[in-house]
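Open the model in your viewer and keep the selection panel handy. We will go stop by stop, and each stop tells you what to pick and what to look for.

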Amino acid sequence: MKKFLITISVFLALIVLVVGGFALYLYFSVTSTADQMHSPLEREHSDLREGATNLEDEEPVSFLLLGVDSEDETSGRTDTVIVLTVNPEDDSMKMVSIPRDTRTEIVGQGTEDKINHAHAFGGTEMAINTVENFLDVPIDYMATINMDGFEEMVDAVGGVTVENSMEFEQDGHHFPEGQVELNGDEALSFVRMRDEDPQGDAGRTERQREVIEGLLNEGAQFSSLTSVGAILDSVGSNVQTSADSGDLADLLGYESARHNIDQLELTGEGTRIDGIYYELIDEGVRAEVTNELREHLELD
């Protein structure tokens, strides 16, 4: 009996050491990754809010996600511009992609141009100010993603599952209609296709949202030491965010909202001005999206 108790004690001690060691590894790894990713903004909070969002009290919060295409990295133009709002009270997210060719005022530049040029002209600060002006919605946090790393992140979570609305081929990959499982290389080709899509950039942004939603779902399910390390390495190398380690810890309380994502759409028509192609968003549609986002953030 005594030997049995000793054996059990040793076994339990080993479990405590393994679990404790894993928790310690996670703590230092996540903190290190958060520090590596952190890129603070100059402002304390958006001018469209009276004060900063209190994450500890789980107030509604907004994010601007910018994807810098590796093919366009030197110019700094954003291939992806997505606004994401999270309301923990009703456990929901709203996501809207702004077409990269959208013509709007570039705040601080004094010109009207494609919205994806804002980042090239003035970095994240100008991109945030331009998006806030376009949607009349405060941006609390930003995250910039290198699209090269996008491929790496998809592989790190073991791939993503998306719902494909149309059959097509891109970069030697075949994408059938319906539910499709994608690895990193396939996911990058999936979101880049635009020429064959009758919806043009609108179809492309829909596919971007599908993959991002897949990343959110898969990333929230990792459990092994190996996958944790791969995910943290890929995120730390390819993502910059204004959220610090404390903010990221507080945002864990918002995690369950990923199960209820409502995807909004900005529609309009394409036109050429002085020989340059632009997307002109319908003012009524923009007003509807603005109202829905502001209501979700409990601003009205």
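The tour below starts with confidence, moves on to a sheet and its helices, and ends at one asparagine.

**Stop 1: colour by pLDDT.** This is a predicted model, so begin with the confidence values. The protein chain has a mean pLDDT of 78, with 79% of its residues at 70 or more. Select residues 71–75: pLDDT stays under 50 here, and the model has five contacts for this stretch beyond four places in sequence. Then select residues 222–226, where the pLDDT is also below 50 and the model shows six contacts beyond near neighbours in sequence. Where pLDDT is low, the predicted coordinates should not be read in detail.

**Stop 2: the six-stranded sheet.** Show the strands as a cartoon and follow the order E11-E6-E1-E2-E3-E12, an open sheet with mixed pairing. Which strands stand at the edges? They are E11 (239–241) and E12 (261–265); each has a single partner strand, so one side of each lacks a neighbour in the sheet. Look along the sheet as well: neighbouring strands are turned by 20° against each other on average, direction ignored.

**Stop 3: strand E1.** Select residues 61–68, which make up E1 and pair with E2 in the antiparallel sense over eight bridges. Two bridges you can pick out join glycine 67 to threonine 80 of E2 and valine 68 to threonine 78 of E2. With E6, the pairing of E1 is parallel and runs over six bridges; there, leucine 64 stands opposite methionine 142.

Is E1 enclosed or open? Eight of its eight residues are buried, so E1 is largely enclosed by the rest of the structure. In a regular strand the side chains alternate between the two faces of the sheet. Colour Val61, Phe63, Leu65 and Gly67 for one side, then Ser62, Leu64, Leu66 and Val68 for the other, and you will see both covered faces of E1.

Stop 4: The largest nonpolar core has 39 residues, and Val61, Phe63, Phe150, Val160, Leu182, Phe190 and Val211 have the most contacts inside it. A second, separate core has 26 residues, including Ile106, Ile128, Ile281 and Val289. Centre on phenylalanine 150 and show its neighbours: among those it touches are Ala187, Leu188 and Val211.

Now select H4 (residues 184–192). Seven of its nine residues are buried, so H4 is largely enclosed by the rest of the structure; Phe190 and Arg192 are among the buried ones.

**Stop 5: asparagine 87.** Finish in strand E2 (residues 78–87), where asparagine 87 lies. Buried or exposed? At 4% relative accessibility, asparagine 87 counts as buried. Show the polar atoms of its side chain: one lies 2.8 Å from the backbone oxygen of histidine 296, and the backbone nitrogen of aspartate 90 is 3.5 Å from a polar atom of this side chain. Leaving aside residues up to four places away in sequence, asparagine 87 touches Pro60, Ser92, His296 and Glu298.

Note on methods:
Residues numbered from 1 in each chain as written. Predicted model: local features only at pLDDT ≥ 70, side-chain atom pairs only at ≥ 80, totals over all residues. Heavy atoms only, no water. Helix = DSSP H or I, 4+ residues; strand = E, 2+ residues; numbered from the N terminus. Buried < 20%, exposed > 50% of the residue type's maximum accessible area, 1.4 Å probe, protein only. Polar contact = N/O pair within 3.5 Å; in protein donor to acceptor, adjacent residues only side chain to side chain. Contact = heavy atoms within 4.5 Å. Core = buried A, V, L, I, M, F, W, Y, C linked by side-chain atoms within 4.5 Å. pLDDT = per-residue confidence, 0-100. Pairing = 2+ DSSP bridges. Axes fitted to C-alpha atoms, helices over the stretch in contact; angles between N-to-C directions.
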